[in-house]
Amino acid sequence: MHKLKSFLPVLFSALALITALALPDSPLHPEAQAPFLSYVFAAVLIVTAVLFFVGLKSPRYTKKYTHKAPFCCGVLAFLTVLNILTVKTAILPVLYFPSLDRVAGVLITDAAFIGKCLLYSLRLLITGWVCGAAAGIFTGIAIGVNPGARYWVYPLVRVLGPIPSTAWVPLVLVSFPTVVSASAFLIALAVWFPTTVLTSSGIGSIQNSYFEAAATLGASPGYTIFKVAVPAALPHVFIGLFNGTTASFITLVTAEMLGAKYGIGWYINWQKEMMSYANVYAGLIVMSITCYLLITFLFKFRDKVLIWQKGVIKW
Amino acid sequence: MVGGIEISHVNKEFTNPQGETVRALHDVSLSIAPGDFISLIGPSGCGKSTLLRLISGLISPDSGSVKLDGGDITSPGSDRGFMFQEHTLFPWLNIYDNIAFGLRARKIFRGSEKLVDEFISLVGLKGFEKYYPHQLSGGMCQRASLARALVGHPKVLLLDEPLGALDAFTRMNMQDEILRIRAEQNMTMIMVTHDVDEAIYLSDRIVVMTPRPGKIISVVDVGLSHPRARGGEDFLAYHAKILRLLNYTISKPEPDYYL
C-alpha cells in the first residue's frame, strides 16, 4: 500500500510530462520562449522517482513523503488540466488564460523588475505594518488599562476603524506630502484597527486574580501593566496582528494605485491594463508566495513568544 | 516578633447581581497575635473570605479598622503574602520566574537569587524551575504558589482555601508541608477553609463564623500538641465541638439490626 502510494507521484509526473510533450500546442496561443512547464515536470519526475527507489530500500524514510504523495498528485493533476485547457486546446479564452510556459517565462525574464517591485512593496508594507502594529498595541493597552482612554478613545476606534482604507484615499492624498507616506499611512491604518481592538479586548478578558496576585506580591500599577496585562493579552494581540497583516495585503494593492512608481500591486494593475495576463499571473504568484512567507514568519514568531501556551491553545 | 493583626468593629456590605445589599461582615472584631496560626471556618456566605481579603488590603471595610502591627491596612502589600484557591501562577512565566516575580517587582531580585532557589527547595520543586505551570500537576502548582507568597518574607501569610482544589492525599501532604514551613519561617498564618479536620490539624485557634449577617460566633483554642493525630480522641472531640457551634448535631446512625 505504501509502495503504491509513493509510486503515484512518479506516475502522475510522467503522465504530466507526456501530456506536455506529446500533445500538440494550439496555434491560437503565442509561442513561449521555452517549454518551462516540461522542465518542471521533468524535474519533479526525477525527484519523485529517486524518492520512490530510496523508499524501496528504507521504508521508514518514506513515511513522511507518502503522507504528502496524494497532495503532490493533486497539484500535478491540476497543472495538467490547466495545461490542457489553455495551451493544448485553447478552451479557456486565450487572452485571459495564457499558457503556463509563458507565465513561467515572465517569472524568469522579468525577474529583476518584479524583484525591484517586490522590494518597493515590502518597504511600504513593513513601514506601514510596523507603525500600525506599534500604534495599535499602544492604543489597545491604553484603552485596556485606562478608563479615561477607554471613555475618549474607544468610540473613536469604533467609528474610524471599520472604514475601508480605500475610502480614506481622497483625504490621505491631500494630507500627506508624499505618495509613499500616504500609502504607508493607509497600511498602518489597516493594521492599527484590529490590533487595537484585540489588544484592548485581550486585556479586558484577563482574569482578575492575576491582577490581585500581582498586587499582593507588591507590584506597582506600571509594573503590572507591562508584566501582567501585556503578556496575558499577547495571544489576543497576535490574533489582531494576524488580521491586520491580511488587511495590510489588501490595502497594499489599493495604496499602490495612488501613484506609486514601483510595487507588486502596481505591477499587477499596470500589466492588467496592458492586457498582458501572463505578467499579471506572474505578479500574483510572487505576491501570494510573499504573503505566505510573511504569515508563516508571523506564526513562527508567535510560537516562539507564546511557547508557554504550547498545548493550551491552537489556531 | 511582628505580624499581629487587630480587627475592630469592621462592617462590609456588597451589592449582589440582583441589586440587593448583602451584609458580608457585621461588627467583626478579632485580634491575632504574631506567629499564630488561625483558621476561619464557616458555611458559604459567612464572610470568611471577605475578612481575609480585608486583611490583604484587596478590599477596604465600610467602617471599622484593620491594623497590622498598629498601622492601618489600606492597600495590598508584600508584607502580607496571599495564596489563592486557584494557584494563579502566571502561565507565561516558568516556575522560577513566577516565584521571583515579587522580588523583581519590588526591585530587590539582584542579590537575592539564592533566596528563590532556597524557597524552590523548601516546597520541593527543585528540578522544575524551567517548567511552565501547565506542565505541572495542581498540587505542584500550589506548592509553587506557596513559594511565591513566601519568598518576600511576609509578616503574615493569608491562605484562601489553598488546598480546596486538591485531592485528599495531596491535601494531607500539603498540610504537613505548611506545618513544616511554619516551623521554619515563623510567621502569622491565617487560613480560610471549609474543612473542619484541616482547621483542627493546623490551627492554634479556630474562628467559627456564621452567615446572614457574617459574624464571629466563637473562637476555639486548639490545645493539642503537634504532631496531631487525625482521628484521635481529642481530635474528634474538637471536631464535634465545632460542628455543634455551627448547629450540625452529630447523631449516631441507627444500626440495621439488633442482636
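A: In this predicted model, strand 6 (residues 80–83) and strand 7 (residues 156–160) of chain B run parallel and are joined by 4 bridges. Strands are DSSP runs of E with at least two residues, helices are runs of H or I with at least four, and both are numbered from the N terminus; two strands pair if DSSP finds at least two bridges between them. Gly81(B) has Leu157(B) of strand 7 as its bridge partner.

In a regular strand the side chains alternate between the two faces of the sheet. Strand 6 of chain B is covered on both faces: Arg80(B) and Phe82(B) are buried on one side, Gly81(B) and Met83(B) on the other. Buried means under 20% relative accessible area, exposed over 50%, and partly exposed in between, with a 1.4 Å probe and protein chains only.

Leu157(B) is also among the residues that Ile190(B) touches, as are Val156(B), Leu158(B) and Leu159(B), with residues up to four places away in sequence not counted. Contact means heavy atoms within 4.5 Å. Ile190(B), Leu40(B), Phe90(B) and Phe101(B) touch the most other members of the largest nonpolar core, which has 75 residues. Such a core is a set of buried Ala, Val, Leu, Ile, Met, Phe, Trp, Tyr and Cys residues joined through side-chain atoms within 4.5 Å. Helix 10 (residues 221–255) of chain A supplies the largest share of this core, 10 residues. A second, separate core has 50 residues, including Leu89(B) and Tyr238(B).

Residues are numbered from 1 along each chain as its sequence is written, and chains are lettered from A and ligands numbered from 1 in the order in which they are written. Local features need pLDDT of at least 70, side-chain atom pairs count only at pLDDT 80 or more, totals for chains, interfaces and linings use all residues, and side-chain values use heavy atoms, with hydrogens and water left out.
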